[in-house]
Amino acid sequence: MQRKIFVITGPTGAGKTTIAHYLQQEFNLKKVITHTTRSPRKGEIDGQDYYFENETTFAQKHYLEQVEYAGHRYGSSREALELVWHTGNDAVIVLDTKGAQTYADQLGAQTIIVYVTVSNSTILAQRLVQRGDQPERIKQRLASDDFQRDLVTPQLNNHPVHVILNDDLTAAKTQIKDLMQSLKLENI
Ligand SMILES: Nc1nc2c(ncn2[C@@H]2O[C@H](COP(=O)(O)OP(=O)(O)O)[C@@H](O)[C@H]2O)c(=O)[nH]1
Ligand SMILES: Nc1ncnc2c1ncn2[C@@H]1O[C@H](COP(=O)(O)OP(=O)(O)O)[C@@H](O)[C@H]1O
């Protein structure tokens, strides 16, 4: 069977990271570590939080997609994905909807897109505050075009998008279990 990558996408605060953790814990998926040229923060571990790169080593990898934030490069590589697949496990990665589109285009049927959302977007700001994000950073994020784009369920050129409503985490986990069961039945 072909290896899969689950791309968890959606607006900030919707619960993408939470759902990705759940998939790792309950369904043995392994996270694809992404690369960055920014310096490690206190407590961050190379190969666990990110692969920390310099400009030269960053340029040596083969990226499915990459972006620049605050003058630093970030990218998800073929090499990191293959490392996960070599373990025999399916992979999981959290990306914005633009990144999700790129994966669907490049990896086709190997990509399972999961769009995490909430029924009322005002909840998102509350969650970011609860998570401990800096107020200035929250304001910036919520005012961005990327945020507006990610609020809308993406239409990915005929690629299926599985929507998970995460107003309540227990209910969201049930939807994930149902999704995993239906993928198994379809032999995907
Ligand atoms: N498109 C894309 N975004 C990434 C990648 N790796 C990290 N990011 C995003 O880069 C942004 C900045 O990450 P970081 O410097 O760790 O700061 P954070 O805002 O505290 O998460 C976050 O929105 C990450 O989700 C990647 O490989 N591709
Ligand atoms: N269903 C939920 N109800 C309440 N809080 C939640 C729920 N799902 C996630 N959270 C919390 O909301 C915050 C944002 O979740 P997170 O997974 O970090 O979102 P994202 O990765 O999409 O930005 C975290 O503090 C998380 O623990």
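Author: Gladly! Let's begin with the shell around ligand 2, which has three nonpolar, six polar and five charged residues by class. Keep in mind that this is a predicted model.

Reader: How many residues surround ligand 2, and which are the closest?

Author: The shell holds 14 residues, and Lys 16, Thr 17, Thr 18, Arg 131 and Asn 166 are the closest.

Reader: Which atoms lie by the oxygen atoms of ligand 2?

Author: Look at the backbone, then at the side chains. Gly 13 places a backbone N or O atom 2.8 Å from an oxygen atom of ligand 2, and for a backbone N or O atom of Ala 14 the distance to an oxygen atom of this ligand is 3.4 Å. Thr 17 uses its side chain: an N or O atom there is 2.6 Å from an oxygen atom of ligand 2. On its own, ligand 2 has 570 Å² of accessible area, and the protein covers 75% of it.

Reader: Which elements give two or more residues to the shell around ligand 2?

Author: Those are α1 and α5 (122-131). The most comes from α1, with three residues.

Reader: Now for ligand 1: which residues surround it?

Author: Ligand 1 has around it Thr 34, Arg 38, Arg 41, Tyr 50, Glu 65, Val 67, Tyr 69, Tyr 74, Gly 75, Ser 76, Arg 137 and Arg 141. Sorted by class, this shell has four nonpolar, three polar and five charged residues.

Reader: And how far are Arg 41, Tyr 74 and Ser 76 from oxygen atoms of ligand 1?

Author: For Arg 41, a polar side-chain atom lies 3.3 Å from an oxygen atom of ligand 1. In the side chain of Tyr 74, an N or O atom is 2.4 Å from an oxygen atom of the ligand. Ser 76 takes part through its backbone, with an N or O atom 3.1 Å from an oxygen atom of ligand 1. The protein buries 75% of the 570 Å² that ligand 1 exposes when taken alone. The elements giving two or more residues to the shell of ligand 1 are β5 (63-69), β6 (72-77) and α6 (135-142).

Reader: You listed Arg 141 in that shell. Which side chain does Arg 141 join through a polar contact of 3.2 Å?

Author: That partner is Thr 12, found in the loop between β1 and α1. Thr 12 counts as buried because its relative accessibility is 12%, and the cut-off for buried is under 20%.

Reader: Let's turn to aromatic rings. What describes a pair?

Author: Two values do: the distance of the ring centres and the angle of the planes. Searching the whole structure gives five aromatic pairs. One of them is Phe 58 with Tyr 63, a stacked pair at 4.5 Å centre to centre with 20 degrees between the planes. Phe 58 and Tyr 63 are both buried.

Reader: Why is the pair of Tyr 69 and Tyr 74 edge-to-face?

Author: The planes of Tyr 69 and Tyr 74 stand at 65 degrees, with the ring centres 5.6 Å apart, so the pair is edge-to-face; the angle needed is over 60. Tyr 69 is partly exposed at 41% relative accessible area, whereas Tyr 74 is buried at 15%. Together with Tyr 50 and Phe 52, Tyr 69 and Tyr 74 make up one aromatic cluster.

Reader: Which residues have the most contacts inside the largest nonpolar core?

Author: Phe 6, Ile 8, Leu 23, Val 92, Val 114, Ile 176 and Met 180 do, in a core of 21 residues. Elements giving two or more residues to this core are β1 (5-9), α1 (16-27), β8 (111-117) and α8 (169-185). The largest share, five residues, is from α8.

How values were computed. Residues are numbered from 1 along each chain as its sequence is written. Chains are lettered from A and ligands numbered from 1 in the order in which they are written. This is a predicted model: local features need pLDDT of at least 70, side-chain atom pairs count only at pLDDT 80 or more; totals for chains, interfaces and linings use all residues. Side-chain values use heavy atoms; hydrogens and water are left out. Rings of Phe, Tyr and Trp (its six-membered ring) pair if their centres lie within 6.5 Å; planes under 30 degrees apart count as stacked, over 60 as edge-to-face and the rest as tilted. Buried means under 20% relative accessible area, exposed over 50%, partly exposed in between (1.4 Å probe, protein chains only). A residue is near a molecule or strand if one of its heavy atoms lies within 4 Å of it. A polar contact is a pair of N or O atoms within 3.5 Å; within protein, one must be able to donate a hydrogen and the other to accept it, and residues adjacent in sequence count only if both atoms are side-chain atoms. Accessible areas come from the Shrake-Rupley method with a 1.4 Å probe; for residues, only the protein chains shown count as cover. Helices (H or I, at least four residues) and strands (E, at least two) are DSSP runs, numbered from the N terminus. Ala, Val, Leu, Ile, Met, Phe, Trp, Tyr, Cys and Pro count as nonpolar, Asp, Glu, Lys and Arg as charged, and the others, Gly among them, as polar. A nonpolar core is a set of buried Ala, Val, Leu, Ile, Met, Phe, Trp, Tyr and Cys residues joined through side-chain atoms within 4.5 Å.
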